[in-house]
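This report goes through a structure by its segments, side-chain contacts and surface. The sequence and the model come first, and the description follows.

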Amino acid sequence: YRLRPIPFERAVHVVSDDSEGSPEGLSALRGMYRPWYICKQIELFMGIAAERFGTGVPIFEVDADIATRLTSADQETMQGAVEGLRQNEEAGIITPAGVKFRFAESPGLAIVDYLEIIRYLRIVMLSVAQADFIALGTQQSGGAYSLGKDKSELFLMAVNNYQQRVLDALNEQLMPRLFNIAANRVAGMSALPRFTLP
């Protein structure tokens, strides 16, 4: 890759939030990153939990008299079977007399608990973008029409604010440049035209 600088005169510089005085500004979605990252990790944990703990924790129970006769190779075989066991069409265990195999209840979170955390984080992400009204009426969030109306109006105000920032940048940066280039064609104009919202 090569750095290709674009002169400011050939660019329109728009930032969503310049309240801190930075020319980079702050992304409107910056606050969404942390809940998104946590949600992504929880989804991975949920997948692992569903695979490993969906049926329970595999356990071998060995009678005391058999345990004394187990070689280290036998113990390693049993350990490998417990660690590598997956529920699929080839799953199965054959145990010698005196050895019992069973599934114990998983001590981890149930899938429903993971889903509840994921739903909560998704609502948090929507609220960062003032768009949590989208979830009203779903399992995650109840809500009346009046609440949804107020929230959707707030979202529309936020979107209009970002649109206005783009228009201001176009009017203040682009429009004077365009009319400086075509100065001879627009002689007699008292003011520059402006971009506006419909």
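## The segment before the helix α1

G25 is found in the segment before α1. The C-alpha atoms of G25 and V15 are separated by 5.2 Å, although the two residues are 10 residues apart along the chain.

## Basis of the model and overall layout

This is a predicted model, in which local features need pLDDT of at least 70 and side-chain atom pairs count only at pLDDT 80 or more, whereas totals for chains, interfaces and linings use all residues. Residues are numbered from 1 along each chain as its sequence is written, and side-chain values use heavy atoms, with hydrogens and water left out.

The protein chain has 5 helices and 2 strands, where helices (H or I, at least four residues) and strands (E, at least two) are DSSP runs numbered from the N terminus. Read from the N terminus on, the elements of the protein chain follow the order α-β-α-α-β-α-α. Of the 198 residues of the protein chain, 17% count as buried.

The structure holds 2 aromatic pairs; rings of Phe, Tyr and Trp (its six-membered ring) pair if their centres lie within 6.5 Å, and planes under 30 degrees apart count as stacked, over 60 as edge-to-face and the rest as tilted. One of these pairs is formed by Y33 and W36, which are tilted, with 5.7 Å from centre to centre and 40 degrees between the planes. Both Y33 and W36 lie in helix α1 (residues 33-53), 3 residues apart, which is about one turn of the helix. W36 is partly exposed, with a relative accessible area of 40%, and Y33, W36 and Y37 form one aromatic cluster.

The residues Y33, W36, Y37 and I38 make a nonpolar surface patch of about 410 Å². Patches are made of residues with over 30% relative accessible area and no salt bridge, with like charges joined within 9 Å and nonpolar side chains (Val, Leu, Ile, Met, Phe, Trp, Tyr) within 5 Å; the accessible areas come from the Shrake-Rupley method with a 1.4 Å probe, and for residues only the protein chains shown count as cover.

## Salt bridges

The structure holds 2 salt bridges, each defined as a side-chain nitrogen of Lys or Arg within 4 Å of a carboxyl oxygen of Asp or Glu. In one of them, the side chains of R122 and E43 meet at 2.7 Å, N to O. R122 lies in helix α4 (residues 111-128) and E43 in helix α1, so this pair ties together parts that are 79 residues apart in sequence. R122 counts as partly exposed at 44% relative accessibility, and E43 is likewise partly exposed, with a relative accessible area of 32%.

A salt bridge also joins the side chains of E116 and R119, at 3.5 Å, N to O. Being 3 residues apart in helix α4, E116 and R119 are separated by about one helical turn. E116 counts as partly exposed at 48% relative accessibility, and R119 counts as partly exposed at 23%.

## From helix α4 into the following loop

I123 lies in helix α4 and is partly exposed, with a relative accessible area of 22%. I134, by contrast, is found in the loop between α4 and α5 and counts as exposed at 54% relative accessibility. I123 and I134 are 11 residues apart in sequence and 9.1 Å apart in space, C-alpha to C-alpha.

N171 lies in helix α5 (residues 145-181) and is buried, with a relative accessible area of 6%. The side chain of N171 reaches the backbone nitrogen of F195 at 2.6 Å, where a polar contact is a pair of N or O atoms within 3.5 Å; within protein, one atom must be able to donate a hydrogen and the other to accept it, and residues adjacent in sequence count only if both atoms are side-chain atoms.

The charged end of R177 sits over the ring of F8, 5.5 Å from the ring centre. A charge sits over a ring if NZ of Lys or CZ of Arg is within 6 Å of the ring centre and within 35 degrees of the ring normal.

Technical notes:
Buried < 20%, exposed > 50% of the residue type's maximum accessible area, 1.4 Å probe, protein only.
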